[in-house]
Amino acid sequence: MHFNVNGRDHEVEPDSRTSLLDLLREHLRLTGTKKGCDQGACGACTVLVDGVRINSCLALAVQYQDRAITTVEGLEADSGLHALQQAFIAHDGFQCGYCTPGQVCSAIGMAKELERGIPSALTEDLCAMSMAWTRDEIRERMSGNLCRCGAYNGIVTAIETTFAGESAR
Amino acid sequence: MMPFNYARARDPADAVRLAAGRTEARFLGGGTNLVDLMRESVEVPKTLIDVTELSQEITARDDGSLLIGAGVKNTTIAADRRVRERFPLLARAILSGASGQIRNMATVGGNIMQRTRCYYFYDESARCNKRTPGAGCDAIDGFNRIHAILGASPACVATHPSDMCVALAALDASVHTVSATGHRTLKLADLHRLPGDTPHIETELAPGELITAVGIPPCSFATRSVYRKVRDRASYAFALVSVAAALDLTDNGTVRDVRIALGGVAHKPWRAEKAEAALRGGQATEASFQLAADAELKEARGLRHNAFKIELARRTLVACLAELSRRDEK
């Protein structure tokens, strides 16, 4: 089977039972993506598939052949860390760091959803063409990522400063 | 997880063919519930037939109806401008469910066919008539705060967890299916069964029958609609009680038509026909809303930990109707 992860092609023959998370960690040795609950409750395993965030623990790897998979290892550019990763450092968006790869990937996928005008449960006017970046919106849209250290305020600030710009603050 | 064969269906007919004669085959959508159940050995399919790439269209007709393919992702429905404009309660119901990641994975067909989140159903060491027919139910005398208050039986008090289906029930949606014997259409409200003596049989679908689409008929007053979900945390939690409602008022405040469905209260999305009948033709007042809620919840029965849901459902329904009656939009 063919998998494309962070722009690199891999030929792997996983068991049909293998989750995308286990494929990344155990077969491709990309251990940046974390296993928290392994049942879709915590978001530590969040990766991007064709730019869309999903829980890799609930995804069977066989379903994601020939798709463009991005993990935290694929975010870094030649210039260094992704701007959101820098913002997590600057704003104390983590303590132990275990949930961070999932938080970062999730936030990048979430930002695209918001920019595309996809509403959230908090959106007042469903017919609005664009969505506002507010801290409450970020919290609602990031509710699938738990942080047991409770670094939420820093996480929200890191996301806000990276994607919302000064105008939204 | 037990080993299984994986096959990707090319089209609905291919999916039906692959499932034919295999009672232990399951159709695979986003996998957000099925994969979890397989890991817990609650589901042990021998074959998974991947149908995520089928039925991807949302088709709008001039009469105001919509046909949503079973493979459409939950996020895609909630983002669809026609859904947001014509059936806002459906977009709101979907957005109030699960997390962003899960909504990106979950399909319409999978959302409809998801299983209860009763803890005892997932716990292999507990008795569960749904998992093992005739085994007994540990929820009835156990911790049953999240369980059913309407339509339950001595065999099962589980609830259907979907938000989307509650809105679809209120909208009179239909479910289109295909099987070896052909195509058919049934009402979503008739698809899920009450538990009775056979809680392991959850829907009217035959083995190997595949959902291909959901049809939503025109409903001009769905623009005046609401989905309110009451839960233990502000986001990413199943409903204790939810209400989907749409209200059509005349200029003098009479209820011309109304649609109501309740979630979190029964083994199926609960269309509140008694409340609707009580309201139609009458004045839209707080008192009439109370009477309608009473009519619907007259048969409600609480268990040791969930009796609070009866009053919660009553108040949530009244609050939703009051909110809708105050809106000045058409």
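A crossing of two helices is termed right-handed if the near helix is turned clockwise from the far one by less than a right angle, and left-handed if anticlockwise. The legends below refer to a predicted model.

**Figure 1. Crossing of helix 2 and helix 3 of chain A.** In this predicted model, helix 2 of chain A passes helix 3 of chain A in a right-handed crossing.

**Figure 2. Residues at the contact of helix 2 with helix 3 of chain A.** From helix 2, the residues L84(A), Q85(A) and F88(A) take part. Their counterparts in helix 3 are T100(A), V104(A), A107(A) and I108(A). By class, the contact comprises five nonpolar and two polar residues, with no charged residue.

**Figure 3. The two assigned domains of chain A.** The domain assignment places residues 2–74 in domain 1 and residues 83–168 in domain 2. The centres of these domains, taken over C-alpha atoms, are separated by 22 Å. Contacts between them involve 15 residues of domain 1 and 14 residues of domain 2.

**Figure 4. The side of domain 1 that touches domain 2 in chain A.** Strand 3 (46–49) and strand 4 (52–55) of chain A each supply at least two residues of this side. Strand 3 gives the most, with three residues. The residues on this side of domain 1 divide into seven nonpolar, six polar and two charged.

Terms used: Residues numbered from 1 in each chain as written. Chains lettered and ligands numbered in written order. Predicted model: local features only at pLDDT ≥ 70, side-chain atom pairs only at ≥ 80, totals over all residues. Helix = DSSP H or I, 4+ residues; strand = E, 2+ residues; numbered from the N terminus. Contact = placed C-beta atoms within 7 Å. Nonpolar A, V, L, I, M, F, W, Y, C, P; charged D, E, K, R; others polar. Domains from an automatic or database assignment.
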